[in-house]
Amino acid sequence: MAGKNVGSNDVAGAVLPKAVWGKGSYVHDAQGKAYIDGSGGPAVYCIGHGNEEVNAAIAAQMSKIAHGYRYNFTTDPLEELTEIVAARCGGTLTRMVFVTGGSEAVESCLKLALQYHAGRGEMSRRRFISRERSWHGNTLGALSVSGFLERRAAFEGALVEGSRISPANAYRAPEGVSDLAAWYARELEDEILRVGAAHVAAFIFEPVVGAAGACVPAPAGYAKAMREVCDRHGVLMIADEVMCGSGRSGYWRALEEDGVEPDIMSIAKGLAAGYLPLGAAVYSRRVAEVIDGTHGGPMTGHTFTGHTACCAAGVAVQKIVAREKLVERVREKAGLLRRLMAEAVADIESIGDIRGRGFFQAFEIVENRETKKPFAASRKLSLRIRQRALELGLICYPVGGIVDGVNGDGVILAPPFNASDAELGEIAGKAGEAIRSVLAE
Ligand SMILES: Cc1ncc(COP(=O)(O)O)c(C=O)c1O
């Protein structure tokens, strides 16, 4: 039964349906209603729900041992997943700390960067540069580097001080700039020089911005230009691929498409596809050499770091993703998804932009297409679209505050990598219907 979301941590206070079971691209509630999962929840459930192979792998591991604590044991799933992730990353990203989610992964990335500089005797490099319109997580460190006004407001004064530069958004680019990558790279370099390179630990960014921007890919050449600036000043590059990574953008690492390898990278959501909580901070050989050589290993981790059953879930999911060539499928079908989305909203005047990569795409809704002015936050468009979509039997991921941290509405679609063409059509069609119907009110 639907009921007040008792004990909920949902600030919207919505009355939520009760999820009972899921299979493939559909979730079913206690009243027998089916919802197509057009966003994999918050871009998590990348192989759909109720996968028996994954469930069996988890059960098999649980019947042997749930968790071999990291200070006492290594385990087969931990070792196997390390090999799989290193192979999928390619290049020098071969080392990792497994954690239980995206915020922990980002925290670990930040700490690895600090530890690297400490190991090199550069204790002054403590500051992080991040971007406005970014989301890196809910723990205090990850929140400190997040550029999301509304989510930070209640915690201001207790957050770690850092620098924030512009979001890289071709739809809302600085006026009169033709070479966006160069402009943004100059901004990063100016900030490094302003605070002094000797004080900067790392630049952290989402290769495709998720909840804070609604699937904003960086302009062509951006990641390479930022990498060059980082290298020039001894600043590490941290790619937060919690949402856009693990295949979601059509490459296993989102930055693969940009031809860039970061020094440190966070992953989570799609890694174990929501079957069990899992994330990782992955880091390069260069970073590892310093850390190993000085401290003997990463000084970050938790009780459940490398949790055996969680790693077993990750192994099972990643085997399916590889065997069924699902990352390749996402890349191939991204154009179809974009076309279906465009068709679904062709008659809606307030669609300002459709953007994203792979199966990570979004609509931006604006009051005025010419000026790109957003609707006022007081209209609560994104919350109402989420509610209307649920009524229509669609799970999507509407986000607010994407223009200035308070105003601006987007609707993210992040279907399972194995959603059929017909399912992609249903997702796009229902999303269009939900947006149209809320705007007509
Ligand atoms: C880019 C990014 N980083 C970090 C996080 C935090 O992940 P979690 O919610 O699993 O702690 C999120 C969550 O949405 C995210 O999108």
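These legends accompany several close-up views of a predicted model.

**View 1. An open sheet of seven strands.** Here the strands run in the order E6-E14-E13-E12-E9-E7-E8, and their pairing is mixed. At the edges stand strand E6 (93-99) and strand E8 (163-165); each has a single partner strand, so one side of each is left without a neighbour in the sheet. On average, neighbouring strands of this sheet are turned by 20 degrees against each other, direction ignored.

**View 2. Strands E12 and E13 side by side.** Let us step into the sheet, where E12 (residues 236-240) and E13 (residues 264-267) pair in the parallel sense over three bridges.

View 3. Helix H3 (residues 76-89) touches E6 and strand E14 (279-284), and its direction makes about 130 degrees with that of E6. Helix H9 (residues 285-295) also packs on the sheet, touching E6, E13 and E14. The direction of H9 makes about 90 degrees with that of E14.

**View 4. The shell around the ligand.** There are 16 residues around the ligand, and Gly101, Gly102, Ser103, Gly137 and Val242 come nearest. Helix H4 (residues 102-119) gives the most to this shell, with three residues. Sorted by class, the shell has seven nonpolar, seven polar and two charged residues.

**View 5. Helix H10 and what covers it.** This helix takes in residues 308-323, 16 residues in total, and reaches 22 Å from its first C-alpha to its last, close to the 22 Å expected at 1.5 Å a residue. H10 is mostly covered, with twelve of its 16 residues buried. Among the buried ones are Cys310, Cys311, Gly314, Gln318 and Val321. Just after H10, lysine 325 takes a positive phi of about 50 degrees.

**View 6. Leucine 383 in helix H12.** To finish, have a look at leucine 383, found in helix H12 (residues 381-391). Leucine 383 counts as partly exposed because it has 17 C-beta neighbours inside 10 Å, while a buried residue would need 20 or more. Arginine 355 is 28 residues away from leucine 383 along the chain, and the C-alpha atoms of the two are separated by 21 Å.

How values were computed
Residues are numbered from 1 along each chain as its sequence is written. This is a predicted model: local features need pLDDT of at least 70, side-chain atom pairs count only at pLDDT 80 or more; totals for chains, interfaces and linings use all residues. Two strands pair if DSSP finds at least two bridges between them. Helices (H or I, at least four residues) and strands (E, at least two) are DSSP runs, numbered from the N terminus. Axes are lines fitted to C-alpha atoms, for helices over the stretch in contact, and angles run from 0 to 180 degrees between N-to-C directions. Two residues are in contact if their C-beta atoms, placed from the backbone, lie within 7 Å. A residue is near a molecule or strand if its C-beta atom, placed from the backbone, lies within 6 Å of it. Ala, Val, Leu, Ile, Met, Phe, Trp, Tyr, Cys and Pro count as nonpolar, Asp, Glu, Lys and Arg as charged, and the others, Gly among them, as polar. The expected span of a helix is 1.5 Å times one less than its number of residues.
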